[in-house]
Every structure is written in C-alpha cells, then in structure tokens.
Amino acid sequence: MRILCYFFAIVLSISLVPSSAHFFPNISSLPPLLRNITAAAGPWDAFKKLVDCNPGDKIDGLGKLKKYFQYFGYIPNAPSNITDDFDDLLESAIKTYQQNFNLNVTGKLDEQTMNHVTMPRCGNPDIVNGTSTMNSGKTTPSNTTSSHLHTVSHYTFFPGMPRWPVSKSELTYAFLPGNQLEADVKSVFTRAFERWSEVTTLTFTETSSYSRADIKIGFYSGDHGDGEPFDGVLGTLAHAFSPPNGWFHLDGDENWVISGDLAVSAVDLESVAVHEIGHVLGLGHSSVEEAIMYPTISSGTRKLELASDDIAGIQQLYGRNPNYNGSAATPSTEQRDTNGAYVEGSMWGLIVLMTVGFVFLFL
C-alpha cells in the first residue's frame, strides 16, 4: 500500500505543476503595455465575430462556441463531431444561458449576449448533468416533485448541501509551497476569508502545513491535473471544489492586482478569492448580479462586499455570527427560487482528490 501511495504521489507531483503567478501591488506597478490597454483581449474574444448569426447558418467558429457552452454545462450531450452549424442544440444552449444571466431570451447571438459570453468568469460550470445552478433551474410549485431539487430563495448549493462538519468550525488554509507567495499576496486571502467569517460561525486560520490544511490554495497554468485546465489571460480565472475537498485553484497566467485601482488588462485578486471561497464552503453560482457568487466579473472590476443573497445562503449552511450586525450586506435586487447548485470535476479530478487523501493517510 505504501508503494502504491508513493507511486500516486509521484504522478501528482508531475501533473500538479505550480505556476509562477503574476502579481502587481497596484495599477502603477503594471508594465506600461498592460497599464495603457483600453480593451484587453481574452481567449473568447473571437466569438464576437459571430454576433447576429442565425439558426441554420454554418459559420467558422460556431463549433468552438458550442465547446464553450459544453464546458459550462449548456450542451451536456454534445456529439463527438461538433460542427459549425447553428443547430437546435446551440439555440437551446443560448436560450438557457440568456435565462441564467438575466438577458433577453431570444436564442440569438445578439451583441448583449456575446459581450457576456466573452467576460472573464469562474471555471465552475453553471449546469452539470442537466441540473442548473441558476435561473434555468428555477422551480415552481408545479415542478418541485423531483427529489434531487432543493428549492431556496436565490442562492444555490451543491447537491445534498455538503458543508464542513459541525465539529469543524475552525478551518485552516495553506498555500502551495511551490508558488512561494509573498506576505502581501497572502494578506489578500486573509481579508477574503474574513468577509465570510464576519457573517457566519466559521473562522479561518493560515497554517504552514499544506498537506494537513482543510483548504489548499494554489496558482496553476494550463492543464494542472484536476480535469479543469486553465486557458490563459482573462478566460476562466479560478475554480474550487465543494466541501470537504477544499481545493482552490487560480490561473497563474492572469495579471493579478493586489490593491488600489485596476486596469482592464488585470484582475482583482481579492474579488476572485471571495467568490471561490464561497464554493469551497458549499455555495453554487447565483443569477443575482450583485452577488459575489455571480459567475462572471469584468476585468478591471472590484467586487468585494457580500450581497444579502450570499449572506442568506452561507448562513443557511453554517448559521449566523452572533456579532454580525448586517451592515456589510449589499442588497440583492432580484427575488427568485433556484434549485440546488453543484460543481462537478471530471472523474480524473475525483481520482486525484482521493489519491491525495490516501497519500496523506499512509505517509
């Protein structure tokens, strides 16, 4: 057994290669080329040429757009030979996407929809195995008979509402040693954790032991072994696994700004950290645009304050901090019911997670 564990540890050390992430204290520390950009290009910007395509069209690039929708769960049973045809599958995916993001539901690739599709976002899918984490999974009294749906006010959970055990309200977190993060970068995560501990019963403490930490934070580039590869600047920014896995990965290729003003070519580290911690604690994506758990965030944008939607969801999982006075909440302007959300990595991701557990158990 010990030999087997060592073998898997070697496999993990090869596949989970840390990234030397790009950190900038503030906008003035960005290189002039990045600081002066007025419109930063991301990996999905090529989709903008598809604006005003119509059902029945066959245009180069529609196949890649289908793969985008497939990745985030909107085309769950895509054929192996994805074509450039604007077919019924694509039209249905567009309508569901528009519904989830409060856009006009037309099934057309209008400019408003495409501007949203190309925004940087969390890498966790919005729909997995046909179960939506957002508006399209909204339940009504006439369709709540399915046992796998959990109806709540706005926020969403992973299936079964997984949470950290009641006996484990003091969670620890650690940073991947290979990233060699400076203290100012680590302090960003400290502030992000404090935003959640302020409203609930959980506390978070940094530990030097990465292997024993409840929450493991790391910066990676490209394919890093969990089945959810990163795609470069201003695409998928980060992703995280549900409790009690505790894996929290960020894209090392992004230009991460630690504090101060932002540029359109950079991403606010704390904004993304607050969002992903929500996943680590058990929250899914929300269709409430003001919520931290909304899936997208524009580059050059800072979004730090928990909305009432976020607070209500996390307090349903862990209870209310008796010292919380409600002053930090950003009001949510939308009222809706949505089904339980979840994020599911690939089978390889699950195998990796189980392997880590066995390695730490037997070493």
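1. Let's start on the inside: helix α7 gives the largest cavity the largest share of its lining, namely four residues. A cavity here is a set of points, on a 1 Å grid over the protein atoms alone, where a 1.4 Å probe fits but cannot get out, and lining residues have an atom within 4 Å of a point. The largest cavity is lined by 15 residues, with S271, V272, H275, Y294 and I297 lying nearest its centre. By class, that lining has nine nonpolar, three polar and three charged residues. For those classes, Ala, Val, Leu, Ile, Met, Phe, Trp, Tyr, Cys and Pro count as nonpolar, Asp, Glu, Lys and Arg as charged, and the others, Gly among them, as polar.

2. Before you go on, know what you are looking at: this is a predicted model, where local features need pLDDT of at least 70 and side-chain atom pairs count only at pLDDT 80 or more, while totals for chains, interfaces and linings use all residues. Residues are numbered from 1 along each chain as its sequence is written, and side-chain values use heavy atoms, with hydrogens and water left out.

3. Back to the holes. The largest cavity has a volume of about 140 Å³, and the count comes to five cavities of 30 Å³ or more. Grid points are joined across faces, edges and corners, and a volume is the space filled by probe spheres set on the points.

4. Now the overall picture. The protein chain has nine helices and 10 strands; these are DSSP runs numbered from the N terminus, with helices (H or I) of at least four residues and strands (E) of at least two. Of its 363 residues, 52% count as buried. Buried means under 20% relative accessible area, exposed means over 50%, and partly exposed is in between (1.4 Å probe, protein chains only). Take contacts between residues at least 6 apart in sequence: 73% of them join residues at least 24 apart. Contact means heavy atoms within 4.5 Å.

5. Next, the site named in the record. UniProt, in an unreviewed entry, places the feature "binding site" at D231, G232, D251 and E254. These residues span 24 residues in sequence, yet no two of their C-alpha atoms are more than 9.8 Å apart, so they gather at one spot. UniProt positions are given in the numbering used here, feature names are shortened, and annotations may be inferred rather than shown by experiment.

6. D251 lies in strand β8 and is buried, with a relative accessible area of 0%. E254 is in the loop between β8 (247-251) and β9 (255-257), and E254 is buried as well, with a relative accessible area of 0%. Leaving aside neighbours within four places in sequence, the contacts of D251 include D231, G232 and W256.

7. Which residues does R195 pair with in salt bridges? A salt bridge is a side-chain nitrogen of Lys or Arg within 4 Å of a carboxyl oxygen of Asp or Glu. One partner of R195 is E270, with the closest N and O atoms 3.0 Å apart. R195 lies in helix α6 (residues 183-197) and E270 in helix α7 (residues 269-281), so the pair ties together parts that are 75 residues apart in sequence. Another partner of R195 is E305, at 3.3 Å between the closest N and O atoms. E305 sits in the loop between α7 and α8 (308-318), so this pair ties together parts that are 110 residues apart in sequence. Salt bridges that share partners join R191, R195, E270 and E305 into one network. R195 and E270 are both buried, whereas E305 is partly exposed at 38% relative accessible area.

8. The count of salt bridges comes to nine. Another one of them joins the side chains of R121 and D126, 2.8 Å from N to O. R121 is buried at 1% relative accessible area, and D126 is buried at 0%.

9. Last, have a look at helix α3 (residues 62-71). Its buried residues are L62, G63, L65, K66, Y68 and F69, and these pack against α4 (88-100) and α5 (111-117). Just after α3, G73 takes a positive phi of about 95 degrees.

Note on methods
On a 1 Å grid over the protein atoms alone, a cavity is a set of points where a 1.4 Å probe fits but cannot get out, and a pocket is an open set with protein on both sides within 12 Å along at least five of seven lines; lining residues have an atom within 4 Å of a point.
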